[in-house]
Amino acid sequence: MDQVDRILDQWRRERPDLDVAPMGTIGRLKRLSAHLGLGMDKVITTHGLNAASFDMLATLRRSGPPYALSPSALMEWTMVTSGTMTNRIDRLEMAGLVGRARDPDDGRGSVVGLTAEGFALIDRIVGEHVANQQHLTEVLSETERSQLDRLLGKWLTAFEE
């Protein structure tokens, strides 16, 4: 019995007229997300980054050569606002991890790309990050994780279509 089960029991006692099953699903996802976030932050922060800066560097790294994207593409991939993206770019640029350049496909626009230092850092961290994620999910068998991924993907698609 987890903490969410105890919360649901209280609601069922106090409001037996309500079907609180979805509260259990969402509550578990929310609590699990918090635990996983803390677990992943342990690796990321040891390298002087936070989750937001790691996400940005990882997005640029996985984009492939030349490891550069427009600010609007970065906003789409990282799901943040323009102001938030500008602040993230500024901070990473000051740290020497990204640089801005004129967009070769559109002279009016710009692209943000990894510097050599940024590339080396994210390449080093991502291996540790993946190993950490494997550790955080090891309680699930490969079959269970696959089933969970399929179900969560189905649910997420309903919001992102």
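**Figure 1. Asp 17 is exposed, with a relative accessible area of 55%.** This is a predicted model. Asp 17 pairs with Arg 15 in a salt bridge. Their closest N and O atoms are 2.7 Å apart. Arg 15 counts as partly exposed, because its relative accessibility is 36%, between the 20% and 50% cut-offs. Salt bridges that share partners also link Asp 2, Asp 5 and Arg 28 into one network. A search of the whole structure finds eight salt bridges. Side chains of opposite charge can pair when their charged atoms come close.

**Figure 2. Two further salt bridges involve Asp 9 with Arg 12, and Arg 13 with Glu 14.** Asp 9 and Arg 12 both sit in helix α1. They are three residues apart, about one turn of the helix. The closest N and O atoms of Asp 9 and Arg 12 are 3.8 Å apart. Asp 9 is partly exposed, at 36% relative accessibility. Arg 12 is partly exposed too, with a relative accessible area of 41%. For Arg 13 and Glu 14, the closest N and O atoms are 3.0 Å apart. Arg 13 counts as exposed because its relative accessibility, 56%, is over 50%.

**Figure 3. Leu 8 is a buried residue of helix α1.** Is Leu 8 buried or exposed? Leu 8 counts as buried because its relative accessibility is 4%, which is under 20%. Which residues does Leu 8 touch, leaving aside its neighbours within four places in sequence? Its contacts are Val 20, Met 23, Gly 24 and Arg 28. Leu 8 and Met 23 are 15 residues apart in sequence. In space, their C-alpha atoms are 7.7 Å apart.

**Figure 4. Helix α2 runs from residue 21 to residue 45.** The helix has 25 residues. From its first C-alpha to its last, α2 reaches 36 Å. That is close to the 36 Å expected at 1.5 Å a residue. Which residues of α2 are buried? They are Gly 24, Gly 27, Gly 39, Val 43 and Ile 44. What covers these buried residues includes α1 (3–14), α3 (51–62) and α6 (116–136).

**Figure 5. Leu 49 and Leu 57 touch the most other members of the largest nonpolar core.** This core holds 22 residues. At least two residues come from each of α3, α4 (71–78), α5 (82–94), β3 (106–114) and α6. Helix α3 gives the most, with five residues. What does Leu 57 contact, leaving aside its neighbours within four places in sequence? Leu 57 is in contact with Leu 49, Leu 92, Leu 97, Val 98, Leu 114, Leu 121 and Ile 122.

**Figure 6. The domain assignment of the protein gives two spans, domain 1 (1–34) and domain 2 (48–158).** The C-alpha centres of domain 1 and domain 2 lie 33 Å apart. An unreviewed UniProt entry places the feature "domain: HTH marR-type" at residues 1–157. The end C-alpha atoms of residues 1–157 are 30 Å apart. This span is 68% helix and 11% strand.

Methods: Residues numbered from 1 in each chain as written. Predicted model: local features only at pLDDT ≥ 70, side-chain atom pairs only at ≥ 80, totals over all residues. Heavy atoms only, no water. Helix = DSSP H or I, 4+ residues; strand = E, 2+ residues; numbered from the N terminus. Expected span 1.5 Å × (residues − 1). Buried < 20%, exposed > 50% of the residue type's maximum accessible area, 1.4 Å probe, protein only. Contact = heavy atoms within 4.5 Å. Core = buried A, V, L, I, M, F, W, Y, C linked by side-chain atoms within 4.5 Å. Salt bridge = Lys/Arg side-chain N within 4 Å of Asp/Glu carboxyl O. UniProt positions renumbered as here; feature names shortened; annotations may be inferred. Domains from an automatic or database assignment.
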